[in-house]
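Subject: Structure handover

Hello,

Here is the structure I said I would pass on. Please open it beside this email as you read.

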Amino acid sequence: MVLLNKILTKALIMKKIYLTFIFSFLGILSLRAESLTQLEGSFKPGPAIILIATLVTFVLVGIFFRAKDPADYYAAGRKISRVGSGMAIASNWMSAASFLGMAGMMYGFGYNGLAYVVGWTGGYVLLLILMAAQIRKYGKYTAPDFIGDRYYSRDLRIVSAIFTILISFAYCVGQFGGIGLMFKWILGLNYTLAVIIGSSVVLLYTLISGMIGATKNMQIQYVIIVVSFLIPIFIMTFKFDYFWLIPQIGYGAAVTDVIQGIPAPNITNGVSLVNAFGHDFSIVPSPEFAMPWDPSTGTSFFQWVAICFSLMVGTAGLPHVIQRFYVVPKVSDARWSVVWGLFFICLVYWTAPAYSTFGKLLSSNPEVGVLAKDAIVVYTAQLGNVNSLIVGLLAAGAISAAFSTVAGLLVAGASAFSHDLYVRVINPASTPKTQLNIARIGTIIMGLAVTIVALLKLGLIAQLVSVAFSMAACTIFPLFLLGIWWSGSNRTGAKAGLFTGIFITAISITYFIVGLSGGSLPGQTFISYWLNVWYFAWIGAPLAIIVNIIVSRFTTPTPLEIKKFLAEHVHN
Amino acid sequence: MESPDLYNFSIFRPRNHHGKKNRNVIFSMVLIWAIAVFGFQFLLRGIQKSTPEKALTMFESTWPGVLTGDLTPVNYKPFLNSLVLVKGKNIVKPEDQEVLSDAITCLTFKVIPDSVKTVLLSGISDLKSLKAKLIQDKDQEYLVTKKMIGEKNKELTDICAPYSDFKYGSLEAVIFINSLDEKYPESFNDISFTSLPEIMKLYLTHNQSILTDTKFLGFPFHYFYTAVFLLILFITLCIVYNILIEWRLKKDGIVE
C-alpha cells in the first residue's frame, strides 16, 4: 500500500511536469517558424528550446527515480515489466548509430548500409535463443560477474571487466560524436564545444539516477525517439506523393525512383514538387544506391557478410545489452522483453532506409552541396521542407537516442569498474555507500576519457560503434556462448579463447591506428581489408570459440559444482 | 560421491528429453535465421550480372569519335549527356568529379562558336563569385544572392541550349552549368582524361539480376527482402521461439 502511494505520488508529479512541457511546447509552436535559408551554421531557437526541455525531463526523471542502493544502481531493483524492459532495451540499443549513423551509411554506401540494419536486428534472434533466459537464470548482475563465476577465475573476471569498460568506451565514442553533431546543428556551436556540453549533461543525469533512473528515462526516451523519427517521414511521404499511411512500405517506390531517375521539372497533380531550396524533386538514374555491393560504393560482398555477421554476434556479446536481462523479474520476462525490444527497435530500423532514400532524392541537385553523412537524417527533413520545429524534435530524438545508450554504457562501464574490479578484487569489505561512490567516480573518469577521444573524429558514427561490436564478439560472446551451452568449457580454455579474441582485436586496432596516422605495417592493405577494424569479428569470434574448445578438451575439466549448477539451474 | 560426468552438458548432447526438444527448436531457428540472412545474399551474389546503364553504352559508342576530334551533334550530344548523368550522381568521388567537370567543360568549349565563348567564360566567372558570396551571406542577402544565381543559371543554360540540348528547369541543365569551369584541358588527348573510360565504367556498371529487377510493393525485390522482410522474420522467429519454449516447459511440467 505504501509502495502504491509512493508510485501514485510520483506519477502525479510526473504528470504535472509533462503538462508543463506540453504547454511549453504548444507555446513554442505558436512562434513563427524560422524560414530555412541554410542547412546549418546558425543558432536555431525552436529546436534549442525543444532540446533543453527534453534534457530537463531526463534530469528530472533521473532525480525522481534515483538509485538508493547498489541493487537499484546496477539492476533497477528487478522491478521492470516486459514491455517496459522492451522499451528500455530498444532505447538503450537505439543509439546515435541507429538514429543517425545507419541512414548515413545507406546514403553513402548504398546497399552495404543495409548490413547494419540486418546485423543490428538479427543479433537479437541469437541473443534470445542462446542467451537471454539462461543469463537471467544464472542470476548475476554483470557480464564479468558471470564470467568470473562460471569460469571460477579472478583473472578472467578482471580481464572481462576491463574489456567491458573498453567495449562501453568504444561504443560511447560514436555516441558522443552524434551528440556533438546535433548540438552543433541546433546551437550553432563548434563541434568541440558541442561535445563538451553534451557529455556534461549525460554524465550529470547518469550520476544522479543510476540504472533505475536510466531505465525510466529510457522508456521516455524511446517514445521521443520513435515519435521524432516517424513524424518527418510521414510528412515527407505525404508531401512527395508516396504511400504515406505506412511510410516504411511507401518509400519503396522512392527507392525505385532513385534507381530509374526522376526527370525535372517534377509536377504531380498540378503542383511542382521541390525541396527546401526550391530545387526540383528529381534525380539522375542512380542504381548504385540500391544495387548490391555496387563497385562505385567501394564495398564488396565479403564486407557485407563480414559486417552483418560481426554486428549480429557482437549484439549477443555486448555487456550493456546482456545486463538488461538482469533487471526483469522472471525468466520468461527476459525472453519476452527481447521480443518487445526487437519490435520497438524495428519500428525505427524499418524507417531509417526511408531517410537515406529521401536524402538521396532531395540532395541530388549539385547546388545542395556535399552533406555530412552522419547528419543526413536531419538534413533530409530540412531539405524536405518539414517544419523547423519538427526538425528540431528530430534532432532532440537523435540526442535522446545517444543519451539513452550512453547512460546504459556508462552504468555498464561503472559497474564493471566498481562491482567487478573494486569490490571483487580491490576492496571486498567495502560498504554499499562506498561502492556507489566508486561507481560514480568510474562514470566520471570514463565520461571524460570518451569526450577526449570523441573530439578526434575517428570515423563515421556507425563505423565507430561497430568496433565495439567486433570487440564484444571476439571477447565476451564466446565466453557466454560456451559458458552457457557447454559444461566442458573450462577456465584454461576460456583464457586461451579470450586471449585469441584479444589478439585479433589488437592486430586490427593497431593496423587501423597506424593506417590512420599515415604509416604502414607489413601486410597493411591485406589486414586493412580482411581484418578491418569495423568487422574483424567475422574471423575473431569463430577462432576464439575454436581455441576455447580445443584447449578445454586437453586441460583440467570444469569443477563438479559448476557443472551441477549449469545443469540444474540454467538448463532445468 | 557424485560422478562429474553425471552433470556433463552440451547443446549437441542434451541430458534429457526436454533438452533434446529444446535443442531441436534452437537448431531449427538458427538454421532458418542463417539461411534467410546469408543464404539470400549468397544467392544474390551467385546470380548477379554486371549490367551497364544506357549512359555507358552511349559513352562507349561516342568516345572514340570524341578522341579523334570528330565532334558532330550526332556523337557529342550523347557523349555530353552521358558525362552529365555520371556527374549528377552524388556518390562520385571528388577527384573523379574533377575529371568529369573538365571533360564537360572541354567538350562545351569545343562545340560552341567563338562568339559565344567570351560571354560563357564571363558568365561562369560571375556564377563562381556569386556562389562564393552565398556562403558568407545571411537572411535577406542570402535570398537575393540565391535569386541572382538562379538568373545566372538561366542565362548560361539558354546560351548553351542550342549545343547541349539541356533546357532550363531540367536537372541535367543544373548539373551541366555547375560543371563548367574557367580552366580546363584543351584536348581530350590530355593525360587527365586517360582515366575517364574507367570512371564511366565504375559509376555506370551495377550488379543486377532477376532479384534486383523484380518489383515488390514498389521496392526492388532484394531491397524489400533485406530492409523490410528480414526484420519481420526476426520478430516472427522470436515470437515462435518463445511460444514453443513456453509450451514445451508447460508440457514437461518444468517451472523456471
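This is a predicted model: local features need pLDDT of at least 70, side-chain atom pairs count only at pLDDT 80 or more; totals for chains, interfaces and linings use all residues.

Residues are numbered from 1 along each chain as its sequence is written, while chains are lettered from A and ligands numbered from 1 in the order in which they are written.

Chain B

Chain B has 10 helices and four strands; helices (H or I, at least four residues) and strands (E, at least two) are DSSP runs, numbered from the N terminus. Their order along the sequence is α-β-α-α-α-α-α-α-α-β-α-β-β-α. Chain B is split into domain 1 (4-38 + 210-251) and domain 2 (50-208), with bounds that come from an automatic or database domain assignment. The C-alpha centres of these two domains of chain B are 52 Å apart.

The C-alpha trace of chain B spans about 105 × 50 × 40 Å along its principal axes.

Of the 256 residues in chain B, 30% are buried. A residue is buried if 20 or more other C-beta atoms, placed from the backbone, lie within 10 Å of its own.

Where the chains meet

The contact takes 69 residues from chain A and 65 residues from chain B; two residues are in contact if their C-beta atoms, placed from the backbone, lie within 7 Å. On the side of chain A that touches chain B, helices H6 (114-138), H10 (247-250), H11 (252-260), H12 (301-315), H14 (331-349) and H23 (560-570) of chain A each supply at least two residues. That side of chain A divides into 43 nonpolar, 18 polar and eight charged residues. Here Ala, Val, Leu, Ile, Met, Phe, Trp, Tyr, Cys and Pro count as nonpolar, Asp, Glu, Lys and Arg as charged, and the others, Gly among them, as polar.

The core

A nonpolar core is a set of buried Ala, Val, Leu, Ile, Met, Phe, Trp, Tyr and Cys residues joined through C-beta atoms within 7 Å. The largest one has 250 residues, and those with the most contacts inside it include Ala398(A) and Cys238(B). Helix H17 (residues 388-426) of chain A gives the most to this core, with 22 residues. Leaving aside neighbours within four places in sequence, Ala398(A) is in contact with residues including Phe99(A), Met182(A) and Val377(A).

Leu393(A) is also found in helix H17 of chain A. Is Leu393(A) buried or exposed? Leu393(A) is buried, because 26 other C-beta atoms lie within 10 Å.

Trp534(A) sits in the loop between helix H21 (524-530) and helix H22 (537-553) of chain A. Trp534(A) is buried, with 23 other C-beta atoms within 10 Å. Leaving aside neighbours within four places in sequence, Trp534(A) is in contact with Ile307(A), Gln463(A), Ser466(A) and Val467(A).

The 17 residues of H22(A) should span 24 Å at 1.5 Å a residue, and its end C-alpha atoms are 24 Å apart, which agrees. The expected span is 1.5 Å times one less than the number of residues. Among the buried residues of H22(A) are Trp538(A), Ile545(A) and Asn548(A).

Regards

Notes:
A residue is buried if 20 or more other C-beta atoms lie within 10 Å of its own, exposed if 12 or fewer, and partly exposed in between; C-beta atoms are placed from the backbone.
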